[in-house]
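Open the model in a viewer and keep the selection panel at hand.

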Amino acid sequence: MVKFLVGITQRHGNKKDFIMNDTIEEEINKNWVQGHFDFDQRDYFIELLTRHKPKYCLETGFCSGTSSITICASSKPEKMISISLARNNMETANALKDTYNFRLIEGDSTKVLIDKFFETEYENGIDFYHVDGGHTYEIVKHDLVSAYNYMNDNSIIIVDDYHSNVCNLPEVVMAVDEFAKENNLKVEQIRTDSGKGMAKIVISKVLLK
Ligand SMILES: C[S@@+](CC[C@H](N)C(=O)[O-])C[C@H]1O[C@@H](n2cnc3c(N)ncnc32)[C@H](O)[C@@H]1O
């Protein structure tokens with residue numbers, strides 16, 4: 001199992017990368033409302049997404065919108081949808097809608113994420129999927145299983161609160177491990193300096209054939 005301690009001090013790359021990332025940070029911070037998703041996670045997402053450059057992004061769990069802002073600013077995706085139950089920061093949701101190819105769908109992911117949704121909204125598949133909605137075993141498992149067939153080759157799934165020091169959620173761990181085992185996928189455990197844990201799963205469909 002690989003662990004990463006991710007923080008602003010551990011950045012690497014040339015000067016151009018730093019300038020680019022600093023600009024993205026400024027872009028993100030314009031709409032930042034500190035909530036569940038923290039600065040270390042923000043920096044991890046910036047590193048990952050500026051490298052990976054996903055075009056088609058999906059998320060469950062909008063809430064304050066800080067993870068959505070980070071995904072939009074780092075990827076400039078052709079499509080990004082976040083699905084979340086009501087009581088979201090609508091000021092941020094509207095700002096993202098005006099600035100990026102972003103849409104918030106207020107609803108229950110276990111009802112929204114069905115084949116018809118993916119066939120209509122993601123005809124080109126999904127490149128990046130952030131699972132951060134309901135944190136029960138059933139919801140996390142549903143969110144993962146329902147999207148799996150629509151994930152592109154070399155796409156990435158990040159599941160929040162996987163083996164987290166800050167938020168110990170055994171049901172999240174159980175759902176992720178079971179999903180990975182059923183689909184023969186490797187789970188990389190990410191741990192930020194702040195103690196947040198995340199699961200990173202790379203979907204390599206070519207290798208699986
Ligand atoms: C941990 S918060 C997400 C934090 C968010 N990523 C951020 O950056 O602020 C989880 C969110 O998921 C929502 N949620 C819970 N169960 C859900 C479900 N079944 N479908 C969609 N959203 C759900 C909650 O209402 C809450 O807004």
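Among contacts between residues at least 6 apart in sequence, 71% join residues at least 24 apart; two residues are in contact if their C-beta atoms, placed from the backbone, lie within 7 Å. This is a predicted model, in which local features need pLDDT of at least 70, side-chain atom pairs count only at pLDDT 80 or more, and totals for chains, interfaces and linings use all residues. Residues are numbered from 1 along each chain as its sequence is written.

Select the whole protein. Of its 209 residues, 44% are buried, that is, with 20 or more other C-beta atoms within 10 Å of their own C-beta atom. Colour by secondary structure to see nine helices and eight strands; these are DSSP runs, with helices (H or I) of at least four residues and strands (E) of at least two, numbered from the N terminus.

Now select α2 (residues 39–52) together with α3: they pack at about 30°, with axes 9 Å apart. Axes are lines fitted to C-alpha atoms over the stretch in contact, and angles run from 0 to 180 degrees between N-to-C directions. The two helices are therefore roughly parallel, the term for angles under 35 degrees. To see the contact, show Arg42, Phe45, Ile46, Leu49 and Thr50 of α2 with Thr70, Ile71, Ser74 and Ser75 of α3.

Technical notes
Angles under 35 degrees count as roughly parallel, over 145 as roughly antiparallel, 65 to 115 as roughly perpendicular and the rest as oblique. A residue is buried if 20 or more other C-beta atoms lie within 10 Å of its own, exposed if 12 or fewer, and partly exposed in between; C-beta atoms are placed from the backbone.
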